Amino acid sequence: MQLPRPDPAQLARLHRLAGDWAGAELAQPSPWGAGGPAHGRSRFRVGLDGIALLQDYEQDKDGQVVFRGHGVFLVEPDSGDVLWWWFDSLGFPPEPARGRWDGEVLRFEKRTPRGEARYRYELDGDNYRFVIENRFPGQDDFAEFIRGDYARQA
């Protein structure tokens, strides 16, 4: 019996993020902090024999690392959806966000007891924009939580 494998074209799209990225971020006030400008760095690498994209992330403010995260991206063989698990220094157990490509934009959605979130990776050559929009319990609409503009590093 042969196990289903992710679509190679989907994996190739995801693997475009492999490498080192850095850029300016702006966070809005939230239950997790005061918000404000920051600097983010991510290292994406292909792992698990090519079926996963692994991300290590750090955010710093005033030269001090204030937040760390680790992402695991997989393409679900049956649906072609991209699943993304996010582990971070806040410590909430991860539930996967489910996403799909829309042109050059990878869009994810997730619901947890803490609210709903929408995520976008907007790729543009050696740059990408990452946006998180949240809707916390009791809110009617989504509001932008963080926006970062990143460039590929040499």
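**Aromatic pairs and ring-facing arginines**

Phe44 is buried, its relative accessible area being 2%. This holds for a predicted model, in which 19 aromatic pairs are found. One of them joins Phe44 to Phe73 in a tilted arrangement, with 6.2 Å from centre to centre and 50° between the planes.

**The pair Phe44 and Phe73**

- Phe44 belongs to strand 2 (residues 36-47) and Phe73 to strand 4 (residues 64-75), so their pairing ties together parts of the structure that are 29 residues apart in sequence.
- Phe73, the partner of Phe44 in this tilted pair, is likewise to be called buried, because its relative accessible area of 0% falls under the 20% limit that defines the term.

**The pair Trp84 and Phe108**

- Trp84 and Phe108 also form a tilted aromatic pair, for which the centre-to-centre distance is 5.1 Å and the angle between the planes is 50°.
- This pair links distant parts of the chain, given that Trp84 is in strand 5 (residues 82-88) while Phe108 is in strand 7 (residues 105-112), 24 residues apart.
- Trp84 counts as buried at a relative accessibility of 4%, and Phe108 is buried as well, with a relative accessible area of 1%.

**Arginines over aromatic faces**

- Arg114 is placed over the face of Phe92, at a distance of 4.0 Å from the ring centre.
- Arg118 is placed over the face of Phe142, where the distance from the ring centre is 3.8 Å.

Terms used. Residues are numbered from 1 along each chain as its sequence is written. This is a predicted model: local features need pLDDT of at least 70, side-chain atom pairs count only at pLDDT 80 or more; totals for chains, interfaces and linings use all residues. Side-chain values use heavy atoms; hydrogens and water are left out. Rings of Phe, Tyr and Trp (its six-membered ring) pair if their centres lie within 6.5 Å; planes under 30 degrees apart count as stacked, over 60 as edge-to-face and the rest as tilted. Helices (H or I, at least four residues) and strands (E, at least two) are DSSP runs, numbered from the N terminus. Buried means under 20% relative accessible area, exposed over 50%, partly exposed in between (1.4 Å probe, protein chains only). A charge sits over a ring if NZ of Lys or CZ of Arg is within 6 Å of the ring centre and within 35 degrees of the ring normal.
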